[in-house]
Amino acid sequence: MKALSLSVEGFRNLEKATILFDEKVNIIYGDNGQGKTNILEALWLFTGSRSFRFAKDREMVGYDNDFARLELKFDSGGREQTAQIAIDSKRHGRLNGVELKSMNELNGRFCAVVFSPTDLSLVKEGPQERRHFIDSAICQVMPRYFKAVSTCMNAINQRNAILKNRDYAAYYKDMLIAWDKRLCDMSGEIYIARKRYIKKINDRAREIYKGISSGGESFEMRYVPVNSCGSETAKEFSEKYYQILRGNVDEDMRLGFTSAGVQKDDIEILIDGHPAKNYASQGQQRSAVLSMKLAEAELLKSITGEMPVAVLDDVMSELDVKRQDFILHHLGGWQVFITCCDPSQVLRLAGGKKIFVENGKITLPDE
């Protein structure tokens, strides 16, 4: 997987430009607040996922602009492909000239893994961030998974809308049954997909963390479902979960929402057997996230046969030289995009193409 070129117009603070990329390392540098991360964000959108900065679509349109346009040329599966994204109040996409019905149709077409300072929320924040990480990762290797998650959340929202009004819920108990069946079918698929993926990514992340910490610490990820029901198959989970939902109807009516389900699952991250959220240092937490992201990339490679693009947003400056060297050595053979203020140290370790950003203007010093 290689990004060949990126064209931007009206995106954030970036001036209109087309950037040709190096197939190995691309160093995007400049002072803080100049627009370096905007290039990575534009690139990331072509995975089909939302902004890794959690920005709304309209927020990515530049000031005094009505729209933004992006175009990525990339190599995947041994052939050059072209994707376009237009952004106004929402995103619209095209792939190889064909209009996309939704942006999630890009899932699995252009694959990337992003490392960002905001990723510490995977350890520090609540379960929603960890569910989003796992669900987004699964979508890149199993695009149909997005439909299961979308259908599941729609069923939960419809069910909750009925539950919020006790009298209405009592009157429409039969309608609840219909939503319960749909919810259970999709939840079974989600539970099994998460369970299998977390097992695979944990095996890889454990070894990577061992390397980052020079063997001094241990790492583990555990899936913590609200109700696993002891299930080994999606069908078995669905059947058992349906009985739980039926048994919870009166309590859910009292609460006004669905109290059990995959929408409440969590992933526990442990360092030396202790919850990283409560006991790990800042450096250990960052190493844990890097291990998870590198493991995600390795798993993508094992499934798709191609290395994903690695996107590193201001990560290297916060690591000592030894850990920088380990990360970049691990990324050998990948196409890498790195943002930093001073490119000298990263260039010493990795070489590559320099891309300078100042007040949204993109220049290539070596060309």
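Strands are DSSP runs of E of at least two residues, numbered from the N terminus. In this predicted model, the secondary structure of the protein amounts to 12 helices and 15 strands. The radius of gyration is 22 Å, close to the 21 Å given by the globule rule for 367 residues, so the protein is as compact as a globular protein of that length. The C-alpha trace spans about 70 × 50 × 35 Å along its principal axes.

Of the 367 residues in the protein, 50% are buried. Among contacts with a separation of 6 or more, 71% are made by residues 24 or more positions apart. The accessible surface totals about 17100 Å², and carbon and sulfur atoms contribute 47% of this area. The charged side chains comprise 52 positive and 51 negative groups, and the centres of the two sets lie 4 Å apart.

Strand 9 pairs with strand 10, which consists of residues 266-271. The pairing is antiparallel and extends over 6 bridges.

Note on methods: Residues are numbered from 1 along each chain as its sequence is written. This is a predicted model: local features need pLDDT of at least 70, side-chain atom pairs count only at pLDDT 80 or more; totals for chains, interfaces and linings use all residues. Side-chain values use heavy atoms; hydrogens and water are left out. Two strands pair if DSSP finds at least two bridges between them. Helices (H or I, at least four residues) and strands (E, at least two) are DSSP runs, numbered from the N terminus. The radius of gyration is taken over C-alpha atoms; the globule rule is 2.2 Å times the number of residues to the power 0.38. Buried means under 20% relative accessible area, exposed over 50%, partly exposed in between (1.4 Å probe, protein chains only). Contact means heavy atoms within 4.5 Å. Accessible areas come from the Shrake-Rupley method with a 1.4 Å probe; for residues, only the protein chains shown count as cover. Lys and Arg count as positive and Asp and Glu as negative; His and the chain ends are not counted. The place of a charge is taken as NZ of Lys, CZ of Arg, CG of Asp or CD of Glu.
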